[in-house]
Amino acid sequence: MDLIHSIHKRMMNERLMFVYRGEISERNSLSLITLIENEMKSDSYGLAGRKRLFMFVLESIQNIIKHGDRDHADMSLVTYAKTGEGYSITTGNIVEAGHVKDLESRLVQINGSDDKEIKAQYLEILNKSELSIKGGAGLGLLEMAIKTGNRLDYDFIPFDDKHTYFLLNKTVNESGLGLNPGGRINVFKRSSVSEIEQMMARNKIYMIWSGHFSPEVGEEVLSITETRLSENDLELRIRKRIFNIQVEILENLSKYNPGRDSEEKHGLPIAMIGLDGRRFILSTGNLIVNSAVEGLKVKLDSINRNSINLKEMFSESLSAQTLDSDSTGNMGLIDIARKSGSKLIYSFEKVSEMFSYYFLTVKIKIDNHQ
């Protein structure tokens, strides 16, 4: 459980809401964009701010799809953060080292131009049909500057002799105005993004969500997972099993939801998903009232002790349900353990006199030949 604990603390300390690491394609791009849009809507964020950040994410993702290095596509990164000032988006992807000089030259030129000059540069590229990798990438950057109305923050992190990791960032306040003048990303932020990418690579994690959880967020998380599983050529029956387990465990986040105010003060929910080729790993964390901790521990321990007879336990729990009861007992947890074929790994961390933080991890073995 050390991994989910440390990631949860990092996400909270750096105000990170979402991190995705992996290939970005037309299939998963809509879900990546919709996640931040839904969060900003629920936060009553201004339309101008939502629109500008939405356009930045859209253009950044399209730029990665069109111009990212295909041999290192699994290193592409999208992060969302919410600070006291506004929302911040950072994307990252590998580019050829030989393109860095021209790419930075274009960024410096864009950041030093006013709106009229940026539009003139855009039209010049279109008229010249300058749509090589160099020109095409420059066109995308100009589109970002035009549609967001703000400067672009960026950085380059050396990767190897032939490649560089390219970071692009946008932070806007509620009115949609950029909070940074445009230029190289500060060292702390650059290091933070780089460390997160490396940590996710080491642990085969492809997605982390740390924010208020809603049915809309759950839908997009499931969509991203479905795309990831299909890209790994897993059999339909395995994908369905993983999908059903994920539905159950994500519903667990909603079940113990104490409300936005309590989550903001004591700890936002977290969902972390990984796929290492042999196992699908799903970890979640959420607030729970302290009075419910002991009863939940009893249920979890009972399920782990009776792993052989989970089908019988599920039937008994189902038979005990009544029309007058809002609770489903431990049916959901039993179903998670039964379908995953593994123990439920859990821990509780007291955070206040009223709440504890409840971590749950499920590991699902993947074997196409079962």
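I began with the relative direction of helix H11 (residues 293-305) and helix H13 in this predicted model, and H11 and H13 pack at an angle of about 30° with their axes 10 Å apart, so they are roughly parallel to each other. I count angles under 35 degrees as roughly parallel, over 145 as roughly antiparallel, 65 to 115 as roughly perpendicular and the rest as oblique. Axes here are lines fitted to C-alpha atoms, for helices over the stretch in contact, and angles run from 0 to 180 degrees between N-to-C directions. Helices are DSSP runs (H or I, at least four residues), numbered from the N terminus.

I noted that the crossing of H11 and H13 is right-handed; a crossing is right-handed if the near helix is turned clockwise from the far one by less than a right angle, and left-handed if anticlockwise. Leu296, Leu300 and Ile303 in H11 meet Leu333, Ile334 and Ala337 in H13, where contact means heavy atoms within 4.5 Å. By class, this contact of H11 with H13 holds 6 nonpolar, no polar and no charged residues; Ala, Val, Leu, Ile, Met, Phe, Trp, Tyr, Cys and Pro count as nonpolar, Asp, Glu, Lys and Arg as charged, and the others, Gly among them, as polar.

I recorded the basis of these entries: residues are numbered from 1 along each chain as its sequence is written, and side-chain values use heavy atoms, with hydrogens and water left out. In this predicted model local features need pLDDT of at least 70 and side-chain atom pairs count only at pLDDT 80 or more, while totals for chains, interfaces and linings use all residues.

I next looked up H13 (residues 331-340) against H9, and their axes come within 9 Å and cross at roughly 155°, so H9 and H13 are roughly antiparallel to each other. H9 passes H13 in a left-handed crossing, and Arg241, Asn244, Ile245, Glu248 and Ile249 in H9 meet Gly332, Asp335, Ile336, Lys339 and Ser340 in H13. The classes in this contact of H9 with H13 are 3 nonpolar, 3 polar and 4 charged residues.

I then turned to the pair of H8 (residues 215-231) and H9 (residues 236-255), whose axes come within 11 Å and cross at roughly 155°; H8 and H9 are therefore roughly antiparallel to each other. H8 passes H9 in a right-handed crossing, and the residues of their contact divide into 7 nonpolar, 4 polar and 2 charged. The residues that meet include Val221, Leu222 and Leu229 in H8 and Ile242, Phe243 and Leu250 in H9.

Methods:
Helix = DSSP H or I, 4+ residues; strand = E, 2+ residues; numbered from the N terminus.
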